[in-house]
Amino acid sequence: HTPSVATGSSSSSSDNHALELLQLLMGSVEQLGSKQLLQPLQPPSSRVLEVLRRALTAGWCDQVSCRVRSSNYIAKLAQEGRLSRYATRYQSATLADEEVFLHPRSCLAKAAPEYVVYGGIVRTAKRPYMATVTAIEPQWLAESSSSLCIVSGPLLEPAPFYDPKADNVLAWHDASYSQHAWQLPRLLLPHPDASAAAAVFAAALLGGRVLPGKCVGRSIHSLKLQCSACLPMEVICLMSHAHILWLDLKLHRCNAVNAVRRQQAGHTAVASTASKCMPRQT
């Protein structure tokens, strides 16, 4: 397509394109009907709302506020009917010496969530209020991978463990957020230390918490990729075979114990029958 040089031709082409779009839109309206278009939209599902809130958390990770007052205090105000008259005080993640407030006429004023994200700050003569406020969950802050989130090393208590579903060694971590070090719920993440993860996996393997068919398959392969520097493949395979032999030995031992018990039960039954057949002495 060669663009028109003349200004009048260009504007005429644009007008024609706009007219075509208008005609198309009017045709769609006629097909749907005015009554259907005037019907209110259905509210989004809880899953859609959660996805939107998570997206806002990731996008506004630096515009997060934490409620200053405890949940018990907020519940007391709500029970006394005084919550609607007070602006709830919050601490912003990026403001060091200034507190922000949730307006008492906000739709979230009664709930006063512990963590919120906001779109901006409206400064009045009385106090700064948060605008475009959305309630969020604290565990989403760690998932947003923000630089404001500080994650500790793996904890010894609760101890790391092997998860067959994830096919990985997992460990608990403490997490805090912002310069105010708000404590977030603990995170369950893959163990960062390959050597320690190999030790946990070996203990689970020898303890029978790893399926034999799986420990020589995908688990061994993933372990070889993750920590080949700390454990040779031959050692892992030897541990796997030792685990299978241990299970086989345990099975044979159970069978032997059951055979001895059956034999003892048989001797007891024979002795009882013989005693019944002997004549009584008078």
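**Loops first**

I started with Thr132, which counts as exposed because its relative accessibility is 56%. (Buried means under 20% relative accessible area, exposed over 50%, partly exposed in between, with a 1.4 Å probe and protein chains only.) Before going on, I noted that this is a predicted model, where local features need pLDDT of at least 70, side-chain atom pairs count only at pLDDT 80 or more, and totals for chains, interfaces and linings use all residues. Residues are numbered from 1 along each chain as its sequence is written, and side-chain values use heavy atoms, with hydrogens and water left out.

Back to Thr132: I found it in the loop between β6 (128-131) and β7 (134-136). (Helices, H or I with at least four residues, and strands, E with at least two, are DSSP runs numbered from the N terminus.) Its phi is near 55°, a positive value in a residue other than glycine.

I then checked Asp167, which is not a glycine but has a positive phi of about 55°. It is in the loop between β9 and β10 (168-177). Is Asp167 buried or exposed? Asp167 is buried, with a relative accessible area of 6%.

I also looked up the peptide bond between Glu157 and Pro158: it is cis, with omega about -5°. Pro158 belongs to the loop between β8 (149-151) and β9.

**Aromatic rings**

How many aromatic pairs does a search of the whole structure find? I got three. (Rings of Phe, Tyr and Trp, the last by its six-membered ring, pair if their centres lie within 6.5 Å; planes under 30 degrees apart count as stacked, over 60 as edge-to-face and the rest as tilted.)

One of them is Tyr162 with Phe201, edge-to-face at 5.2 Å centre to centre and 75° between the planes. Tyr162 sits in strand β9 (residues 161-163) and Phe201 in helix α6 (residues 194-206), so this pair ties together parts that are 39 residues apart in sequence. Both residues, Tyr162 and Phe201, are buried.

Next I wrote down Tyr177 and Trp182, a stacked pair with 6.4 Å between centres and 20° between planes. Tyr177 is buried at 0% relative accessibility, and Trp182 is buried at 6%.

**Helix α6**

I counted 13 residues in α6, and it reaches 18 Å from its first C-alpha to its last, close to the 18 Å expected at 1.5 Å a residue. (The expected span is 1.5 Å times one less than the number of residues.) Its buried residues include Ala197, Val200, Phe201 and Leu205.

What caps the N-terminal end of α6? I found Asp193 there, with a side-chain oxygen 3.2 Å from the backbone nitrogen of Ser195. Just after α6, Gly208 has a positive phi of about 80°.

**Strand β1**

In a regular strand, I reminded myself, side chains alternate between the two faces of the sheet. In β1 (residues 64-67) both faces are covered: Val64 and Cys66 on one side, Ser65 and Arg67 on the other, all buried.

Key:
A polar contact is a pair of N or O atoms within 3.5 Å; within protein, one must be able to donate a hydrogen and the other to accept it, and residues adjacent in sequence count only if both atoms are side-chain atoms.
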